[in-house]
Every structure is written in C-alpha cells, then in structure tokens.
Amino acid sequence: MPEAFIIDAVRTPVGRRGGGLAGAHPADLGAHVITALLARTQADPLCVDDVVLGCVDTVGPQAGDIARTAWLAAGLPEAVPGVTVDRQCGSSQQAVHFAAQAVLSGTADLVVAGGVQNMSMVPIGAAMSPPYPDPFSGSAGWRARYGTGEISQFRAADLIADKWGIGRAEMECYALASHHRALAAIDRGAFQAEIVPYGEVGQDEGPRRDTTLEKMAALRPLREGGRITAALASQISDGAAALLIASGRAVREHGLRPRARIAHLSARGDDPVLMLTAPIAATAHALRRAGMGMDEIDLIEINEAFASVVLAWQRETGADLARVNVCGGAIALGHPLGATGARLLTTLLGSLERAGGRYGLLTMCEGGGQANVTIIERV
C-alpha cells in the first residue's frame, strides 16, 4: 500500500500583531521556512513536484498565489509549481492533506506543504471588507437556508459556551493554563528544534507571563451580554510553517529519513452558524474511519480559536486535557490563520517524539462550519 511520510517540519516563531514579524512580506516568511526545510532535509529542489501553502485573505501581498511567490522568492527553481489553499483556519492543514493525497495517489513523490499569514500586514477579514460584499447576505440560497442572522466566529464562540454550559471562569482557567504551558515549553526549549528564527525574532511572542485570572476577569466581553473576552480567544499573529511530504519511493531514492507517517486524514462539516463545532463530529468520524479509539491517541492538538471550542470538544469526545495542547495553544501562542494547521502539526510531531508516543491527532475548527483531522504515527 502507498504511504505518505513527514520528512521534516519547521516554522517561524509566531509573532504578535505589530511585533517582530509585522513588517515581513508574506512571501518572504514563506520563503524562509521553505529554504530552512530544504536545507534540513537536503532534498533536491528540482525533485519537488509541487508546493501547497495555505493562506487566508489572499489580497495585497498575500494575493497572486502566495505558494508560487514564496517558492520563487526563495530563489528556487522556476520549474516547480505552487498552489494556494483556502479552507479558512484549516488552510495549511488542508495543504498537508492535499500533499499527502497526491503522494498516496502516486501522482507526486515529494511535496512541500504548509502555510503563511501576516495578519499585521493584511488584517483579518480583509477579503470580506469594503469594497467587497460579505459572502453571505447577497446569496438568495443562503438567506433561504440560514436567514439573515449574524455569521461570525465571535457569536459562534458565545453560542457554544451557552449550548454546552461553559462558564466564563472555567474558560479563564483554561486560557491561563494555555499561557503557563506555552511559557513552560519555551523555558525548557521545547520549540527550539522546530523554530527557524526570522531576523532577530527567535521565539514565540504571544505568551504572557503577567496574565492572571484577576486580569482576565476584568476584561469586557467582545459582544454585549456574551462570555467571550479577548483573553479567551486566539491571538492575531504572523508566521509561517512548512513540511516535506514524501512517498516511500522518494524516501528510498533520495535517502530521506521520515519522522512520521500520515496514518489518517479527513474533513467533515457541521452547522455553519455555530461554525466552530465541527471538530467534534470530525474527530468521531476520523477515529471511526481509522479504526481507533481516543485512548490510542497519545497527544492531541486542537486549535484554541476560543476556549469554548476546546472545552465543548473535550466534553463530547472525553479526551484527557492532560494530553491536549501540552505546549499551550493559540490563546497563548497565537493563530496566524493560514499557517496555524502546519504550525500545530510541526509542534505535535516534536511533542510526540519527546514523549515517546506513537499516535498524534490534530484537528481545528474552520470557517463555514468545517474541521480537518490528521492522525500521524511516529516512525
């Protein structure tokens, strides 16, 4: 049977909004991780079949197929094509899926997959801001099915907290733990092997050492009458990540050493108004298709878009939070939209190796009420 292997994975530090990566052109961020990935693996750039990168809000410096631009900005061969993927927050996880599917199908042997996003330079929602109309209200079919109510992740996060009865204090405790885990990971050098510094930025800028429950409790909700505050949401961030996906034939012919095998990949949809609940159904679907139980998964990464998302998912799946986001999540580390899936997979791979675990699972909520699931097996 054909197999798809992760040869290596690298990422930039995650920069805070307006921080050390704010002025970096997205193509240069992408080029940076691609260059580092090829240097670490010693893969021949001319043997790469495709470059698949995730990116959201592909306007301005992120427009024009950023995957292709990043490859060329790295000074790499013009013969290698590139394609940009938008599955909202899951864009770079989907980029890995497309790369793996190409390898599994036998139509490619070596693919660079990942993502890039500079949210400081291209504000979130830029592609849905004036002069462009929003993607929902102008559609007669959408109005007939879902009405004219607000479609936003902030409303969805509050609706999830209400539906699952998740109190603000519980979410604040979870958010504080995310910061503590991230800071502990930084202090013990857990990210050192996966990060390629960009200029003077050598570590993640998001985690806050001065965060307390008292400070969180003093914040106003993002929506009138809601429970979600800025402290309970992922941070606006900048960054890039890249992985090299290879077939068994490429491993043999190029003398590559795999770090993991992609054991399962899938995606599922759910209510687009609740929007952020799809990881629940997607996780159940993935485990069923893989013939696995949650107890067989050693470590899990689920994107901390909002604290309510993770806590609702945990209640439905029964996952042990001690095995979830062990190095902190997007509440602390940040969420550069189009790069986060690849960043999470990079971190999951390193965490699995350090723990000596076998299987790791990644899932994340995505705009439109979708979620991807990737299960990797350490080799």
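A search of the whole structure finds zero disulfides, a disulfide being a pair of cysteine sulfur atoms within 2.5 Å. This is a predicted model: local features need pLDDT of at least 70, side-chain atom pairs count only at pLDDT 80 or more, and totals for chains, interfaces and linings use all residues. Residues are numbered from 1 along each chain as its sequence is written, and side-chain values use heavy atoms, with hydrogens and water left out.

**Cysteines**
- The closest cysteine sulfur to that of Cys327 is in Cys365, 20 Å away, too far for a bond.
- Cys327 is buried (under 20% relative accessible area; 1.4 Å probe, protein chains only), at 1%.
- Cys47 is partly exposed, at 29% relative accessibility; that class lies between buried and exposed, the latter being over 50%.

**Thr374**
- Thr374 sits in strand β10, residues 370-378. Strands are DSSP runs of E, at least two residues; helices are runs of H or I, at least four; both are numbered from the N terminus.
- Thr374 is buried, with a relative accessible area of 0%.
- Its side chain makes polar contacts with the side chains of Gln93, at 2.8 Å, and His97, at 2.7 Å.
- A polar contact is a pair of N or O atoms within 3.5 Å; within protein, one must be able to donate a hydrogen and the other to accept it, and residues adjacent in sequence count only if both atoms are side-chain atoms.
- Beyond four places in sequence, Thr374 touches (heavy atoms within 4.5 Å) residues including Ile262, His264 and Gly360.

**Strands β3 and β4**
- Strands β3 (residues 50-54) and β4 (residues 82-85) pair in parallel over four bridges; pairing requires at least two DSSP bridges.
- Val51 stands opposite Gly82 in β4.
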